[in-house]
Amino acid sequence: MLLQAVINGLLFGAVYSTIGIGFSLVWGVMNIINVAHGSFIMIGAYLSFTLYAAYGVDPFLSIPIVMAVLFGVAYVIQKFVLNRVVRGSVFITLTFTFGLQILIANVCLLIWSADYRSIKLPYSSAGIQIGQVVLPAVRLGIFAVALVLTGLFYLFIRRTKTGVAINATALNFEGAKTVGIDVFNIYAITFGVSAALAGAAGALIAPIMSINPFLGGPLVGKAFVIAILGGLGSTIGALVGGMVLGLVETVGTLFIPSSYQELLGFSVLVLVLVFRPQGLLGKRFYE
Amino acid sequence: MSDIILSGTGVTRTFGALKAVWEVDFEVRKGEILGVIGPNGAGKTTLLSMINGTLALTRGEIRFKDQVISGLRPFRIAELGVSRTFQIVKPFPGMTLLENVAIGALFGKDKIRDAREAQDKTRSILETVNLSGRENVAVENLNISERKRLELARALAMDPELLLLDEVMAGLNTTEIDWIMGLIRRLNEKEGRTILVIEHVMKAIMGISHRIMVLHHGRKIAEGSPDEISRDESVISAYLGERYAKRRGGDA
Amino acid sequence: MKAKWIVLAVLFVLFVAAPFLLTGFWVRLITFTFMFAVLASALNIIAGFTGYAAFGNMVFFGLGAYTTAVLMNKVGLPFPVALAASAGIAVVMSILLGLLLLRLKGHYFALGTLGAAEAMKYIVENMTSVTNGGRGITVPSMRGSPFMHNTIFYFIMFGLLILIIVVVWQLSRNRLGYAFKAIRANEEAAGVLGIDQTRYKITAWALSALFTGITGAVYAYWFSYIDPPTVFDVMWVVKMFVIILIGGAGTVFGPVIGAFILETISELVWSRFINLHLGILGLIIMLVVLFMPRGIISVVTQGKGLRDLLQGRRRPSSPAAGPPSSSNGGQS
């Protein structure tokens with residue numbers, strides 16, 4: 001029982017990591033808490049659903065498409081709209097992304113209606129059994145893909161020129177400008193990457209959760225927890241944070257009545273904020 | 001004995017392995033102007049920040065009028081009668097000159113309760129620093145000289161017994177420097193305020209200080225009258241290098 | 001100066017006469033707008049004046065609402081007593097939360113308060129024996145005709161609005177307000193000038209919580225039914241922020257004007273585009289942030305504003321946009 005819960009937690013934790021990385025990236029680099037991150041996830045989920053329902057495209061295969069679309073949309077939003085408020089106060093940016101979130105939720109509502117949608121895959125009942133533990137194929141696939149995405153992102157941010165530029169801009173905006181980095185373009189790319197990851201996460205959860213336009217909110221809450229736990233600006237931190245969250249959720253249900261779970265979650269969050277704002281692994285980087 | 005208004009014993013501040021201020025003992029007599037000089041990075045501003053509470057001491061103790069102030073929060077120390085200016089001026093954006101300075105009057109040592117009364121007091125201070133006509137100007141629109149005087153005015157509005165000035169003359173031209181020197185003297189002689197001045201403009205600080213303390217690499221290396229200091233070998237060495245000091249020592 | 005007083009007097013008379021001239025629908029709508037104006041003004045005290053963006057401020061609204069609801073429903077206390085209790089509890093909670101959270105800055109504070117609000121929502125939901133949990137709780141409603149009901153609550157909200165306007169007006173020119181503004185402008189320098197930041201931040205939040213809690217209590221009595229998702233909904237605060245942005249942060253009448261503008265637009269949109277209601281609200285929020293971060297008031301206020309604008313002279317910048325954020329969060 002416990003082992004199964006742990007496995008489930010880890011498997012799903014990888015998706016949380018994917019969600020957390022994008023969110024943490026935008027926060028760490030641009031100091032924007034993107035409340036609309038959840039809606040990006042939902043867009044990803046809905047796109048994946050539509051591709052499956054209309055063209056039979058397997059959700060896993062839809063990921064590259066979803067990522068590309070979301071990157072494009074987010075890039076445009078950042079480049080022409082968000083960049084104008086990105087250097088503003090928390091008042092401004094937070095309110096703005098709230099507005100963006102409800103706008104997107106409404107758009108999703110119009111296109112896909114409020115009915116719960118889900119994807120039923122033909123191989124959804126396949127799986128491996130090791131002793132007492134069941135490892136469904138779909139979840140294994142999700143786990144694997146999420147890890148791959150995390151790994152790719154890590155390489156991107158550390159090894160590519162763009163990734164390094166993003167880091168530089170995060171650490172020293174003025175300095176980055178001085179050495180010739182087109183910082184606002186970098187911001188746009190950052191936002192795009194973040195949204196792409198969110199979209200991918202959406203495509204990943206579509207096969208296992210029913211989706212509706214308003215799931216974005218709670219997901220952002222989780223993204224926030226992951227970012228705080230793992231520390232801003234840390235890919236490994238987001239990875240660990242996601243896993244921890246996944247574990248806490250599945251293992252937690254075994255011991256704590258579900259109604260108190262959320263409360264526990266928020267209390268832990270507030271405590272971490274107050275006493276260790278750099279998270280479990282992060283450095284007090286972006287201050 | 002009783003006319004020591006500020007004293008520090010073994011004052012030390014480290015940042016990790018960096019010894020910003022190390023084992024400094026000092027005394028400031030009531031009514032004097034003490035100048036603090038030293039090459040860049042000597043720890044002068046760090047010391048000042050420890051006196052007014054902005055930075056905590058790693059070790060040691062600071063007393064104001066025989067009361068231990070090291071460890072108190074800045075606002076408490078301010079209430080006791082210590083005020084300071086910042087090297088990089090920190091005006092309150094979004095407010096006028098008058099409002100900026102009035103805050104000092106409202107929350108400084110005298111804790112004036114009535115806003116109008118505070119504004120009146122502020123006006124007389126603005127006269128002292130020669131900013132009377134500019135009271136309703138937004139602080140963003142002041143030039144550097146005016147901003148420096150704003151810093152000073154704000155500190156004065158608190159009616160301090162001890163005034164800490166951190167490079168208040170940086171960025172000013174010769175006329176302005178002469179004027180501020182005169183103002184500092186007036187504050188000291190006419191209003192009886194004790195003043196601790198950090199400065200790089202040598203002629204200014206040598207000209208107004210009664211005594212001078214020299215810091216180098218966080219330690220106090222010399223102390224005495226301006227005259228004594230200008231001839232002190234270790235001081236010259238700190239600023240200009242050993243060889244020059246040896247040469248100079250021979251000429252003096 | 002004179003013109004301003006005349007305008008205010010005229011408005012006052014109009015508002016007092018309104019319930020007797022307009023239909024119930026309009027009276028309730030205006031009452032609702034008054035409520036938003038009060039809530040936004042209360043938020044303005046901690047956010048606009050003092051610079052702490054309390055995104056969780058509805059925790060006090062919910063607490064006030066529930067305190068009154070529970071005391072009137074389960075204990076049978078009369079409204080005035082329940083109201084006083086709501087006010088007291090809101091203030092006490094603000095002090096407790098303040099001691100815990102006001103050391104945080106920027107985003108961390110904003111989200112810390114949000115977390116606290118969510119936690120409070122769950123606590124309320126789970127205290128089912130006391131609060132009826134997720135099913136919501138009813139409040140014994142005021143007896144009388146619909147007209148009386150509408151009119152009385154209209155004047156209660158109007159009274160609250162006038163009260164808070166007076167308070168904020170005082171803050172804009174008294175010693176306490178100066179402390180708030182100084183903290184917002186530069187908290188470190190404020191300390192060096194003798195301002196006990198902790199004490200004043202808590203005072204600001206307590207003042208904000210007081211009015212927010214009272215409004216919550218009145219809301220519970222007015223609507224006769226509340227449930228946790230409604231009274232602890234973060235959208236209240238988002239709307240309040242938008243109102244503050246529209247009207248101008250740190251000003252006295254900004255939130256009031258903003259409330260009327262937003263509610264007018266909301267009404268127009270709601271009646272015609274129900275499906276798009278949310279979307280348009282979202283769009284409005286984004287547009288206001290993009291194009292009016294300083295609010296309408298910074299253009300119109302104090303008579304001189306427009307003249308200065310035309311002469312190209314820079315005025316003290318309205319605190320709405322704030323300095324390009326250097327407050328990245330974390331502890332001081």
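**Where the chains meet**

Reply: Two pairs of chains are in contact here, and chains A and C share the most contacts. Bear in mind that this is a predicted model.

Let's start with that A–C pairing. On the chain C side 43 residues take part, and they are in contact with 38 residues of chain A. Four helices of chain C each give two or more residues to that side: helix 4, helix 5 (106-126), helix 12 (234-247) and helix 14 (277-291). Helix 5 of chain C gives the most, with 13 residues. By class, the side of chain C that touches chain A has 28 nonpolar, 14 polar and one charged residues.

While we're on chain C, one helix pair is worth a look. Helix 4 is among the elements that chain C turns towards chain A, and helix 4 (residues 79-101) also packs against helix 10 (residues 197-223) of chain C. Their axes are 8 Å apart, at an angle of about 145°, and the crossing is right-handed. From helix 4 of chain C the contact includes C:Phe79, C:Leu83, C:Ile89, C:Met93 and C:Gly98, while helix 10 of chain C brings, among others, C:Lys201, C:Trp205, C:Leu210, C:Gly213 and C:Tyr221. Taken by class, the residues of this helix 4–helix 10 contact in chain C come to 17 nonpolar, six polar and one charged.

Next, the partners themselves, beginning with chain A. It has eleven helices and two strands, and along the sequence they run α-α-α-α-β-β-α-α-α-α-α-α-α. The radius of gyration of chain A is 18 Å, close to the 19 Å that the globule rule gives for 287 residues, so chain A is as compact as a globular protein of that length. Along the principal axes its C-alpha trace spans about 60 × 45 × 35 Å. Of the 287 residues of chain A, 54% count as buried. As for contacts in chain A with a separation of 6 or more, residues 24 or more positions apart account for 82% of them.

Chain B is built from ten helices and ten strands. Its radius of gyration is 18 Å, close to the 18 Å that the globule rule gives for 252 residues, so chain B too is as compact as a globular protein of that length. The C-alpha atoms of chain B fill a box of roughly 60 × 40 × 35 Å along the principal axes. Of the 252 residues in chain B, 45% count as buried. Among chain B contacts between residues at least 6 apart in sequence, 64% join residues at least 24 apart.

Chain B also has a meeting place of its own. The domain assignment gives domain 1 (1-81 + 162-252) and domain 2 (82-159) of chain B, and their C-alpha centres lie 24 Å apart. Between them, 22 residues of domain 1 of chain B are in contact with 16 residues of domain 2 of chain B. On the domain 1 side, helix 1 (44-52), helix 2 (74-80), strand 7 (162-166) and helix 6 (174-189) of chain B each supply at least two residues. Strand 7 of chain B gives the most to that side, with five residues. The residues on the domain 1 side divide into 14 nonpolar, four polar and four charged.

One last stop is B:Asn130, in the loop between helix 4 (115-128) and helix 5 (144-157) of chain B. B:Asn130 and B:Arg219 are 89 residues apart along the chain, and their C-alpha atoms are separated by 37 Å.

Terms used:
Residues numbered from 1 in each chain as written. Chains lettered and ligands numbered in written order. Predicted model: local features only at pLDDT ≥ 70, side-chain atom pairs only at ≥ 80, totals over all residues. Rg over C-alpha atoms; globule rule 2.2 N^0.38 Å. Buried ≥ 20, exposed ≤ 12 C-beta atoms within 10 Å, placed from the backbone. Contact = placed C-beta atoms within 7 Å. Domains from an automatic or database assignment. Nonpolar A, V, L, I, M, F, W, Y, C, P; charged D, E, K, R; others polar. Axes fitted to C-alpha atoms, helices over the stretch in contact; angles between N-to-C directions. Left-handed = near helix turned anticlockwise from the far one by under 90°.
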